[in-house]
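Please consult the sequence and the structure shown here alongside the text.

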Amino acid sequence: MITKRISEVRRKLRQKDEAPAFIVTSEQNRRYLTNLAVSNAYIIITPENKYFFTDSRYIEIAEKTLGDYYIVELFPEKNDAQNYYRELLKREKISNILYEENYIYLRTKKYFDELFGGFKLCESGNLLENMRKVKDFTEIENIAKAQKITDLAFTHILKVISSGLNSITETDIAVELEYFMKKNGAEKSSFDTIAVSGKKSSYPHGKPENIKLSKGFLLMDFGAVYNGYCSDMTRTVCIGSPGQKMRDVYNTVKSAQTAAIDRIKAGVNGREADKAARNIIKNAGCGENFGHNLGHSLGLEIHESPSLLNSDKEETDKIILEENMIMTVEPGIYLENNFGVRIEDLVVVKKDGCLNLTESVKELIEL
């Protein structure tokens with residue numbers, strides 16, 4: 001997969017009017033092009049060659065794992081760096097250098113302006129981000145494994161909550177979910193776990209506190225990272241017995257999600273999936289209580305392009321879903337100072353529909 005990705009980058013570079021080099025500094029895109037996670041490195045790809053630079057902490061592992069793909073070298077000494085890169089780029093007959101406009105810090109851009117004086121620095125135009133939109137088999141497999149760990153964590157946390165219902169706190173739940181996922185194969189959590197109960201469940205991204213669970217809905221949003229790839233899932237359960245209004249809202253969200261998932265397939269505008277869910281929520285009288293997008297892609301990052309955009313907003317972007325994109329589908333209803341419900345699954349876009357990677361039940365669970 002590394003060779004294929006590098007070849008695709010080089011093919012795109014050769015299509016430019018003036019063949020440029022591409023410098024990759026972000027951790028996510030470095031990992032995409034190497035499968036290696038290090039904190040300090042960058043890649044330079046030209047139409048003819050590819051270089052991986054790092055410091056002494058990582059040079060040995062880089063040589064062992066990347067030696068067949070890259071020319072692996074230590075960073076040049078600071079006082080010699082400008083001359084070093086000038087000679088390298090002249091040798092490669094390069095005049096333009098592409099950089100990652102979505103990740104670069106201002107101070108790094110200023111440093112590059114000085115370091116690559118005499119060369120033209122240009123934005124990459126989302127070169128790698130566009131490649132990452134559609135997942136290959138290995139990426140789908142990694143995300144599926146991450147989601148499997150997440151599903152196991154949900155089954156586990158239900159038992160933990162039931163056994164300690166009178167004493168467990170929101171923080172306890174968040175910590176236990178993250179601990180369980182790491183104990184069961186995750187590198188880490190995809191993001192800071194959300195576990196909020198009672199009236200706090202109306203906060204779409206509320207933070208868990210060291211307080212006992214309140215009666216009513218408990219909203220849990222969490223995910224695992226496996227081999228660099230993220231999963232994401234939300235489930236809302238009830239502490240105690242829900243009232244009829246709570247049941248109605250929960251069932252509305254569940255129906256909205258089902259309608260959206262049924263609409264997702266290759267060739268569909270992502271707004272159509274959002275509209276399918278949003279119309280159900282509107283018809284239930286809760287349109288103003290679903291403010292965020294229906295979902296988003298993920299992979300090496302928890303939020304990637306594209307997104308299933310809010311069909312009510314006057315935006316011109318047309319997100320046409322492609323086979324093997326992976327999307328979250330997460331409609332919600334949030335009633336201020338009362339309660340909230342969100343249900344989120346992870347699906348792979350296919351030609352005739354989608355493959356749901358999330359196996360956890362969606363029937364309303366009472367604890």
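Is E209 buried, partly exposed or exposed? E209 counts as partly exposed because its relative accessibility is 40%, where buried means under 20% relative accessible area, exposed over 50%, and partly exposed in between (1.4 Å probe, protein chains only). The model is predicted, so local features need pLDDT of at least 70 and side-chain atom pairs count only at pLDDT 80 or more, whereas totals for chains, interfaces and linings use all residues. Residues are numbered from 1 along each chain as its sequence is written, and side-chain values use heavy atoms, with hydrogens and water left out.

**Salt bridges**

- The search of the whole structure finds 23 salt bridges, each defined as a side-chain nitrogen of Lys or Arg within 4 Å of a carboxyl oxygen of Asp or Glu.
- E209 forms one of them with K200, at 2.8 Å from N to O. K200 is buried, its relative accessible area being 11%.
- Another salt bridge links R11 to E8, with the closest N and O atoms 2.7 Å apart. These two residues lie 3 residues apart in helix α1 (residues 2-14), so about one helical turn separates them. Helices (H or I, at least four residues) and strands (E, at least two) are DSSP runs, numbered from the N terminus.
- R11 is partly exposed at 37% relative accessibility, and E8 is also partly exposed, at 24%.

- R132 and E301 meet through their side chains in a salt bridge of 2.9 Å, N to O. R132 belongs to helix α6 (residues 127-132) and E301 to the loop between β13 (295-297) and β14 (304-308), so this pair ties together parts that are 169 residues apart in sequence.
- Both R132 and E301 are buried.
- A network of salt bridges links R132, K135, E301 and E304.

**Strand β3 and its partners**

- In strand β3 (residues 50-54), 4 of the 5 residues are buried, and the strand is mostly covered.
- Strand β2 (residues 41-45) runs antiparallel to β3 and is joined to β3 by 5 bridges; two strands pair if DSSP finds at least two bridges between them. A41 stands opposite T54 in β3, and a hairpin of 4 residues connects β2 to β3.
- β3 also pairs with strand β4 (residues 71-74), in the parallel sense and over 4 bridges. Here F53 stands opposite E73 in β4.
- Together, β3, helix α3 (residues 59-66) and β4 make a right-handed β-α-β unit. A crossover is right-handed if, with the strands pointing away from the viewer, the path from the first strand over the helix to the second runs clockwise.
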